[in-house]
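Welcome, and please take a moment to look over the model shown here. The report that follows walks through a few of its places, one after another.

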Amino acid sequence: MKTPYKVLCVCLGNICRSPTAEVVLRHYCDAQNVNVWVDSAGTSNYHPNKAPDARSQQYAEKRGYNLSDLRARQIKLEDFIEFDLILAMDHDNFTDIQALMRKAVKRYGASYIRSKVALMSEHDPYYKHQAIPDPYYGGADGFERVLNQCESSAQAWVAIFKRDQSE
Ligand code: 4NP
């Protein structure tokens, strides 16, 4: 088996959006047999080692996704060496990730940095370039929306991965 393409999903807390994105993206990669390894992290360190938010777990479970084994962690400079693609859930995350990448370039040198940074919605035909809104302080519809957007955007990414891996 060839080395997998490595993707890191990133939001603010790593307890709502990015763990959902991680599991949904993994699901569609497995379903389409693409060789991709998926992880997630937060730009903040608000919830180190915490399981995903109970509401995220509950709404994901209704669609058949199990988030219970995931644990939050903060993104680190070494992630820019390890991951091929870093997916930001919203535009603030995108800006924060880019600032961290500049630090990683300074610390390790540009030749060691392999990550491309993009929005989760970069190729999504329905939510193109839209943020996945933070559901933390809102109600049920916010969590359903996270799942809708993650499913839609993940399928768009998997089509890209499949095309790239068949070349
Ligand atoms: P997430 O949501 O970035 O999708 O994981 C949040 C979780 C926690 C907080 C903010 C957003 N917080 O402020 O603790």
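## An enclosed space and its surroundings

In this predicted model, the lining of the largest cavity is made up of Cys16, Thr20, Ser56, Ala60, Pro135, Phe143, Val146 and Leu147. Two elements each contribute two or more residues to that lining, namely helix H2 (54-62) and H5. H5 supplies the largest share, with 3 residues. By type, the lining holds 6 nonpolar residues, 2 polar ones and no charged ones. The space inside the largest cavity comes to about 50 Å³. When the whole structure is searched for cavities of 30 Å³ or more, 1 is found.

Let us turn next to the annotated positions. The UniProt record, an unreviewed entry, gives the feature "active site" at Cys11, Arg17 and Asp134. These positions are spread over 124 residues of sequence, yet they cluster in space, with a largest C-alpha distance of 8.6 Å. Cys11, Arg17 and Asp134 are also included in the lining of the second largest pocket.

Where do two of these annotated residues sit in the fold? Cysteine 11 belongs to strand E1, which covers residues 5-11. Aspartate 134, for its part, is in the loop that runs between strand E4 (116-119) and H5.

Setting aside residues up to four places away in sequence, cysteine 11 touches Arg17, Ser18, Ala41, Gly42, Thr43, Met89 and Asn93. Arg17, one of those partners, is itself among the positions that UniProt marks as "active site".

Now a stop on helix H5, the element that gives the largest cavity the largest share of its lining. Helix H5 spans residues 140-166, and serine 153 is found in it. Which residues does serine 153 contact, once neighbours within four places in sequence are left aside? They are Met120, Ser121 and Asp124.

How do the residues visited above compare in accessibility? The table sets them side by side.

| Residue | Relative accessible area | Class |
|---|---|---|
| Serine 153 | 0% | buried |
| Cysteine 11 | 2% | buried |
| Aspartate 134 | 41% | partly exposed |

The classes follow from simple cut-offs. Cysteine 11 counts as buried because its relative accessible area of 2% is under 20%. Serine 153, at 0%, is therefore buried as well. Aspartate 134 is classed as partly exposed because its 41% lies between 20% and 50%.

Definitions and conventions:
Residues are numbered from 1 along each chain as its sequence is written. This is a predicted model: local features need pLDDT of at least 70, side-chain atom pairs count only at pLDDT 80 or more; totals for chains, interfaces and linings use all residues. Side-chain values use heavy atoms; hydrogens and water are left out. Helices (H or I, at least four residues) and strands (E, at least two) are DSSP runs, numbered from the N terminus. Buried means under 20% relative accessible area, exposed over 50%, partly exposed in between (1.4 Å probe, protein chains only). Contact means heavy atoms within 4.5 Å. UniProt positions are given in the numbering used here, feature names are shortened, and annotations may be inferred rather than shown by experiment. On a 1 Å grid over the protein atoms alone, a cavity is a set of points where a 1.4 Å probe fits but cannot get out, and a pocket is an open set with protein on both sides within 12 Å along at least five of seven lines; lining residues have an atom within 4 Å of a point. Grid points are joined across faces, edges and corners, and a volume is the space filled by probe spheres set on the points. Ala, Val, Leu, Ile, Met, Phe, Trp, Tyr, Cys and Pro count as nonpolar, Asp, Glu, Lys and Arg as charged, and the others, Gly among them, as polar.
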